[in-house]
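Please look through the sequence and the model shown here before reading on, and keep both at hand while following the text.

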Amino acid sequence: WNMHSKEDAEDMSYMHSASPRKVRVKIGSKIMPGQVDPDLLCVGCRRLPLTPRQCLTCGAIVCLGCAKNNFCPICKKQSAVGNIPKALKKQYENMKIPCRYAPMGCSKITVFADTETHEKNCQYRYIFCNNCGEKVRGQDILKHFGICDKARVECSQCKQGIMRKDMP
């Protein structure tokens with residue numbers, strides 16, 4: 001199963017395109033119109049960060065990617081980025097987000113705080129077979145293991161472990 005690190009997860013943050021009054025948040029290839037406060041978006045990349053940080057000097061919201069080395073992209077100060085206030089954290093936690101795999105069939109909508117956990121384990125995400133490297137949907141991986149030519153199986157004649165494709 002392919003798991004993403006915290007930094008990889010940040011790269012999968014949610015994109016948007018701003019309009020004067022509304023923000024449209026792009027989840028994977030599905031666009032969800034919503035009342036996302038533009039102030040909750042990262043000032044550096046204009047994405048909705050999975051792990052929001054705040055500049056302690058100017059108050060700007062930044063994602064982990066844009067806050068590299070605790071550097072604020074707005075006021076340009078080193079060591080000025082820290083945790084967001086509890087009230088702001090509540091806003092993020094209560095935000096409802098559809099799964100990024102909705103275009104593949106997932107109908108799950110989670111609160112923002114649970115989105116990353118769900119998406120790491122979503123049955124509609126694609127994972128790679130440990131045997132052959134083929135890209136398979138999570139819900140189909142066990143079925144794939146049952147037919148994968150490179151899966152190791154026990155030979156019915158010699159009882160040794162061999163690849164399925166080498167079975168007599």
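This is a predicted model: local features need pLDDT of at least 70, side-chain atom pairs count only at pLDDT 80 or more; totals for chains, interfaces and linings use all residues.

The protein chain has an average pLDDT of 76, with 78% of the residues scoring at least 70. Among the elements of the chain, the lowest mean pLDDT, 32, belongs to strand S1 (residues 15-18), whereas strand S10 (residues 135-137) has the highest, 93.

In its secondary structure, the protein chain has 4 helices and 12 strands. Of its 168 residues, 36% are buried, and the accessible surface comes to about 10,300 Å², with 50% of that area belonging to carbon and sulfur atoms. Among contacts with a separation of 6 or more, 32% are between residues 24 or more positions apart.

One part of the strand architecture is an open sheet of 3 strands, which has the order S5-S4-S6 and antiparallel pairing. Its edge strands, each pairing on one side only, are strand S5 (61-62) and strand S6 (81-83). Strand S4 (residues 53-55) pairs with S6 in the antiparallel sense over 3 bridges, and within this pairing Gln54 has Gly82 in S6 as its bridge partner.

The largest nonpolar core has 11 residues, namely Leu40, Leu41, Leu48, Leu50, Ile61, Ile84, Leu88, Tyr92, Met95, Ile97 and Phe112. Leaving out residues up to four places away in sequence, Leu40 touches Leu48, Pro49, Ile61, Leu88, Gln91, Tyr92 and Met95. A second, separate core has 9 residues, including Val62, Ala67, Ala80 and Val81.

How many disulfides does the model contain? The count comes to 0, and two cysteines illustrate the reasoning, for which the cut-off is a pair of cysteine sulfur atoms within 2.5 Å. For Cys66, the closest cysteine sulfur is that of Cys42, and because the two sulfur atoms are 3.7 Å apart, they are too far from each other for a bond. The sulfur of Cys132 has its closest cysteine sulfur in Cys129, also at 3.7 Å, and this is likewise too far for a bond. Cys66 counts as partly exposed, with a relative accessibility of 24%, and Cys132 is partly exposed as well, with a relative accessible area of 30%.

A histidine provides a further point of reference. His118 lies in helix H3 (residues 112-121), and it counts as buried because its relative accessibility is 19%, where the limit for a buried residue is under 20%. Apart from its neighbours within four places in sequence, His118 is in contact with Cys99, Cys106, Lys108 and Thr110.

Arg46, in the loop between strand S3 (30-34) and S4, has a phi near 60°, a positive value in a residue other than glycine; with a relative accessibility of 32%, Arg46 counts as partly exposed. Lys159 is found in the loop between strand S11 (152-154) and strand S12 (161-163), and although Lys159 is not a glycine, its phi is positive, at about 65°. Lys159 is exposed, with a relative accessible area of 52%.

Notes
Residues are numbered from 1 along each chain as its sequence is written. Side-chain values use heavy atoms; hydrogens and water are left out. Helices (H or I, at least four residues) and strands (E, at least two) are DSSP runs, numbered from the N terminus. Buried means under 20% relative accessible area, exposed over 50%, partly exposed in between (1.4 Å probe, protein chains only). Contact means heavy atoms within 4.5 Å. Accessible areas come from the Shrake-Rupley method with a 1.4 Å probe; for residues, only the protein chains shown count as cover. Two strands pair if DSSP finds at least two bridges between them. A nonpolar core is a set of buried Ala, Val, Leu, Ile, Met, Phe, Trp, Tyr and Cys residues joined through side-chain atoms within 4.5 Å. pLDDT is the predictor's confidence in each residue, from 0 to 100.
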